[in-house]
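Please keep the sequence and the model in view while reading.

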Amino acid sequence: MRHAQIAVTLLSVSVLLITGFAWKQYDSFSSRLATAAGLNLGGDEDGAIDILLVGIDSRTDAHGEELSDEELEQLRAGDVDGTNTDTIILIRIPEDGAGAAAFSIPRDSYVELPDNVPGTDWPSNRMVKINSVFGSTRFQELVRLVEREGMSREDAEPLATAAGREALVNTVTDLTGITVDHYAEVGLLGFILLTDAVGGVEVCLNNAVNEPKSGANFPAGRQTLDGADALSFVRQREGLPGLDIGRIHRQQVFMASLAQRVLSTQVLTNPAALNRLSQAIQRSVVLDSEWDILGFAKQFQGLAVGDVHFETVPVVSMNSWSTDGTQSVVELDPEEVRMRIAEVVEPAPEPEEEELPDFGFDASAVTVSVANASLLEGLATRVSDELERVGFALGEVGNWRGRPTPESKVIAADPSSKTAQAISEHLGGLPIEQDLSLEKNHLQVVLTTRYDGPGAAAPLDPHEPGEQLVIDGDAPPPPMTADNQGPPCID
């Protein structure tokens with residue numbers, strides 16, 4: 001299962017409140033938080049809180065203030081301001097705090113704009129990259145308000161930004177089938193401030209990296225990154241397996257390591273570090289204005305230190321092209337996306353208690369040995385488990401050491417016995433072979449590659465993705481706990 005700590009932006013806010021650092025000064029703390037109003041959000045009516053976490057490619061802080069020259073230099077992202085949303089994560093937290101899940105959406109995902117995009121003249125069924133929805137809508141609304149409505153740019157800016165956010169919320173809802181209840185946004189500066197606030201974040205690389213576009217220039221091995229290097233680490237795309245998928249994997253590893261650092265005693269017991277964290281959040285994080293973040297922290301304080309199922313939405317192709325043939329895009333199937341999310345977030349129904357077969361004799365008095373004559377790992381174990389489940393006693397389980405056999409079979413001293421017939425029928429009608437050296441109540445089952453009866457296939461975990469892109473054999477990041485020696489090494 002894919003795991004990561006809960007998205008560090010929300011975790012950082014919760015840590016401040018849970019530790020009491022900002023709780024006693026909540027009015028003062030919340031009054032300096034940047035908020036987004038007028039979004040088309042849900043009301044937690046589906047039994048869960050659904051949060052859209054957005055990382056935005058902006059050269060301003062959360063309050064729209066220009067960054068200093070020194071801060072701009074730390075971004076290593078050029079001087080051109082932008083509002084592309086390069087990180088989009090939908091987090092679903094059930095109200096009972098159990099089974100939370102987070103879904104990353106690749107930034108180049110090719111999606112259809114919903115009909116309810118505010119303030120635009122776009123035709124219906126327009127397809128765009130999802131990371132452009134916010135910025136394109138914001139720009140069109142700004143032009144409309146200033147040029148058509150005669151509004152000053154200063155007054156139009158917040159309205160245009162709100163329209164961009166609402167368009168992104170609606171687009172994610174249409175894609176995933178999940179109504180967004182709350183919105184959290186962090187700019188490029190946020191990665192720097194949050195990382196520096198906790199004294200740096202440890203990462204581990206299998207190989208040295210030198211990628212000029214993002215500014216990522218790191219040696220191989222374990223190292224602690226400061227804020228500017230951390231931003232380069234999570235922004236690198238070129239040279240990574242799967243490009244966008246590789247970057248998402250980087251972000252998952254980074255968030256897990258940063259979360260571990262936020263939850264460490266060096267931060268939780270350090271007033272200076274907590275103060276830096278508070279200031280970083282106030283400067284770099286935007287939350288929707290309807291969010292009772294204090295109530296959220298109280299309700300989910302146990303979740304803040306727990307694990308969250310973390311995965312990327314299913315991808316059809318990483319190398320598709322836009323309808324006009326001008327852009328490389330990531331192709332998604334919205335129906336597959338919704339089905340996958342439903343599999344993870346909707347609890348599977350309790351299995352009905354299966355009635356065991358009545359063989360007409362005491363199965364526990366019959367011992368069955370199972371031998372694997374195939375190249376399928378674990379086949380004998382799975383079938384022996386099935387036979388034990390229906391009441392038979394288990395004998396030896398292992399590889400077949402007899403003569404090569406072209407077919408699966410049951411071996412018994414008396415092929416016409418009820419026990420041999422019952423086992424044969426239960427396993428799908430296997431042929432029965434006689435071996436007089438066997439005891440009356442001791443039978444042998446031999447399995448070949450062509451066996452397709454009960455136990456043939458390994459059971460699937462309903463919470464595991466059916467197909468996931470694995471990056472150079474790397475598993476996604478494991479849960480980060482105080483007992484871990486450090487983050488996993490990745491490419």
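In this predicted model, one helix contact brings Val133, Phe134, Thr137, Arg138, Glu141, Leu142, Leu145 and Val146 of H4 against a set of H5 residues that includes Arg153, Ala156, Glu157, Leu159, Ala160 and Thr171. The residues of this contact of H4 with H5 comprise 11 nonpolar, 4 polar and 5 charged.

**Helices H4 and H5**
- Helix H4 covers residues 133-148 and helix H5 covers residues 153-176; their axes come within 7 Å and cross at roughly 145°.
- The crossing of H4 and H5 is right-handed.

**Helices H7 and H8**
- The axes of helix H7 (residues 227-235) and helix H8 (residues 244-262) come within 7 Å, with a crossing of roughly 140°.
- H7 and H8 are therefore oblique to each other.
- On the H7 side, Ala230, Phe233, Val234 and Arg235 take part in the contact, and they meet Arg247, Arg250, Gln251 and Phe254 of H8.
- The contact of H7 with H8 contains 4 nonpolar, 1 polar and 3 charged residues.

- Strand E6 (residues 109-112) and strand E16 (residues 328-331) run parallel and are joined by 2 bridges.
- Ser109 has Val330 in E16 as its bridge partner.

How values were computed: Residues numbered from 1 in each chain as written. Predicted model: local features only at pLDDT ≥ 70, side-chain atom pairs only at ≥ 80, totals over all residues. Heavy atoms only, no water. Axes fitted to C-alpha atoms, helices over the stretch in contact; angles between N-to-C directions. Helix = DSSP H or I, 4+ residues; strand = E, 2+ residues; numbered from the N terminus. Left-handed = near helix turned anticlockwise from the far one by under 90°. Contact = heavy atoms within 4.5 Å. Nonpolar A, V, L, I, M, F, W, Y, C, P; charged D, E, K, R; others polar. Parallel < 35°, antiparallel > 145°, perpendicular 65-115°, else oblique. Pairing = 2+ DSSP bridges.
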